[in-house]
Amino acid sequence: MTDPFFQPVSAMELARFAGVPTFMRLPGMTLDHARIAEVDIGLVGIPWDGGTTNRPGARHGPRQLRDYSTMIRAMNPVTGVAPFAMMNCADLGDVAPNPVDIEDTLNRVTSFYADLTSRGITPLTAGGDHLTTLPVLRALAKSGPLGLIQFDSHTDLFDSYFGGHKFTHGTPFRRAVEEGLVDPKRFVQVGIRGTAYNTEDIEWGEAQGIRIIRIEELFDRGIDAVMAEVRSIVGDAPTYCTYDIDFVDPTFAPGTGTPEIGGPNSFQAQQVIRQMAGVNLVGADLVEVSPPFDASGGTAWLGISLMFELLCVLAQAVEARR
C-alpha cells in the first residue's frame, strides 16, 4: 500500500493552476519534519547562478520548474515506472544560497546534501548553474569516487577563468576529478559540441581517461549503441547523473545560459535518460534552465519533464539497492 501522505495532489481534487506549487505536487517538507525519516527520494532546488560567466538567470530555474511541474502525472507510459508508488518522494525545498559569495554557497550546498545522505535520502536536484553540481558531489562522494554520466554540450573541464578563478560553471568537473569525487575512468560525457576557445579541456579530460562523446558520434552511432557504452563505462558501482538542459538543441530549449545549435530534440532527450535504467544511480540533477531567456516557459516544461524521467530511473536504482 502506498502512503497517501507521499502521493502528489490529484488534479481531480485541486486544479493544476491552484495551490502552492511544489515539485510534481508532492508534499513540501523541511529537514526537521516529523516524517523526514520516511523519505526515499528528495527533490531539492539550488536557486543560484553565481558561477555563470555570461548569461545569468538559472537562479530562477527551480521556481519555474516547480510551477510547471504541476502538469506531471503519476506514471511513465513508456517504461511503466510509477515512481510515486515505488518510493516516498517529497519536495525538500531550496538550499539557501549566499548570492554574493561563491565558496560560502558551495559550502552551504555540501552541508545540506551531507544531511540528506546521512538520512539515507537520494537527491534529485533542480539547478542553478552547473557549478552547483560540484558541492553536491562533495557530499555524495564521502565514501569514495563516483561514476559520472554527464549530458551536456560543454565539457565543463576548464581549469580557470579570468586569471586563475577556479569556480565557475565551466570548471566543476575538473575540480571534481582533482578532488577525487569522480573516477575519471568511470566518467562519460555525451553531446559535446559548439565553437571553442581551444582544445585544452578536451585534451585534459582525455588524458585523465574521461570518455568524451561528441554530438556527431551520438548521431552517427545512434542512442542505443552510445548508451550501451555509457552503461558499460560506469558499470555497477555508484554513479551520479548530471543533465545540463543545453544538451538539448536550443530550438527546444532556448532558455539557458550557453545554448549550442545542433543538439538532440526533446524526444531524444528523453530517450537517453530511459536508457540509464539499471545504472546504480545515487543522485541526479537537471541544471541551467534560465527562465529570462524563454518567455514561453517551454524550456522549463521540457526541464521538468526530463526531471520526471530522471526520477523514474532513480526510483528503479533505489529499489534495486534494497
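In the predicted model, helix α4 (residues 133-140) is mostly covered, with 8 of its 8 residues buried. These are T133, L134, P135, V136, L137, R138, A139 and L140. Helix α1 (residues 61-68) also contributes buried positions, namely G61, P62, Q64, L65 and R66. Their cover includes the strands β1 (41-46), β2 (89-94) and β3 (122-127), together with helix α10 (298-321).

An open sheet is formed by 8 strands. Their order is β2-β1-β3-β8-β7-β4-β5-β6, and the pairing is parallel. Strands β2 and β6 (211-214) lie at the edges, each pairing on one side only. On average, neighbouring strands are turned by 15° against each other, direction ignored. Within the sheet, β3 and β8 (residues 281-287) pair in the parallel sense over 3 bridges. Here A126 stands opposite L286 of β8. Helix α1 packs on the sheet and touches β1, β2 and β3; its direction makes about 110° with that of β3. Helix α8 (residues 223-234) packs on the sheet as well, touching β4 (146-151), β5 (182-192), β6 and β7 (239-244). The direction of α8 makes about 165° with that of β5.

Nonpolar side chains in soluble globular proteins tend to be buried together. The largest nonpolar core in this model has 55 residues. Its largest share, 14 residues, comes from α10. M24, F151, Y243 and M276 have the most contacts inside this core. Neighbours within four places in sequence aside, F151 is in contact with V190, M227, C241, T242, Y243, D244, F247, V272 and M276. Another core, of 40 residues, lies apart from the largest one and includes L92, L181, F187 and V282.

Note on methods:
Residues numbered from 1 in each chain as written. Predicted model: local features only at pLDDT ≥ 70, side-chain atom pairs only at ≥ 80, totals over all residues. Heavy atoms only, no water. Buried < 20%, exposed > 50% of the residue type's maximum accessible area, 1.4 Å probe, protein only. Helix = DSSP H or I, 4+ residues; strand = E, 2+ residues; numbered from the N terminus. Contact = heavy atoms within 4.5 Å. Core = buried A, V, L, I, M, F, W, Y, C linked by side-chain atoms within 4.5 Å. Pairing = 2+ DSSP bridges. Axes fitted to C-alpha atoms, helices over the stretch in contact; angles between N-to-C directions.
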